[in-house]
Amino acid sequence: MNTAAFAAGAYRRLATIGTGEAAGAAKPGAAAAGGESFSGLLQQALDTVADSAKRADTQALAAAQGKANLVDVVTAVAESQTAVQALIGVRDRVISAYQQIMQMPI
């Protein structure tokens, strides 16, 4: 799954959380309300980043062996970089939200 498709799917699933609509078939770790759990979304994001990194490594190895086109290598590396940057952005937002919650008065 490419990064754009993953992002579009994640936004679609997040949009349905507030409305109470089911985002699809229930998966292991799904929330009781029928939506996907936060940990499930994070695991899927981590899997997507790992898959894109594997594709980039495979393309780079194939290029070193003279079996791949340089454009494919650059595309795979750029896609992997974009996925990592998106994941870092999510991590930063989660940390910021946690810090804000911890600063709330009881």
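Author: **The charged pairs**

E79 forms a salt bridge with R55, and their closest N and O atoms lie 2.8 Å apart; a salt bridge here is a side-chain nitrogen of Lys or Arg within 4 Å of a carboxyl oxygen of Asp or Glu. This is a predicted model, in which local features need pLDDT of at least 70 and side-chain atom pairs count only at pLDDT 80 or more, while totals for chains, interfaces and linings use all residues. Residues are numbered from 1 along each chain as its sequence is written, and side-chain values use heavy atoms, with hydrogens and water left out.

E79 belongs to helix α3 (residues 70–102) and R55 to helix α2 (residues 38–64), so the pair ties together parts that are 24 residues apart in sequence; helices (H or I, at least four residues) and strands (E, at least two) are DSSP runs, numbered from the N terminus. E79 counts as partly exposed at 24% relative accessibility, and R55 is likewise partly exposed, at 34%, where buried means under 20% relative accessible area, exposed over 50%, and partly exposed in between (1.4 Å probe, protein chains only).

The structure holds two salt bridges, and another pairing joins the side chains of D92 and R91, with 2.7 Å from N to O. D92 is partly exposed at 39% relative accessibility, and R91 is partly exposed as well, with a relative accessible area of 46%. As a general point, side chains of opposite charge can pair when their charged atoms come close.
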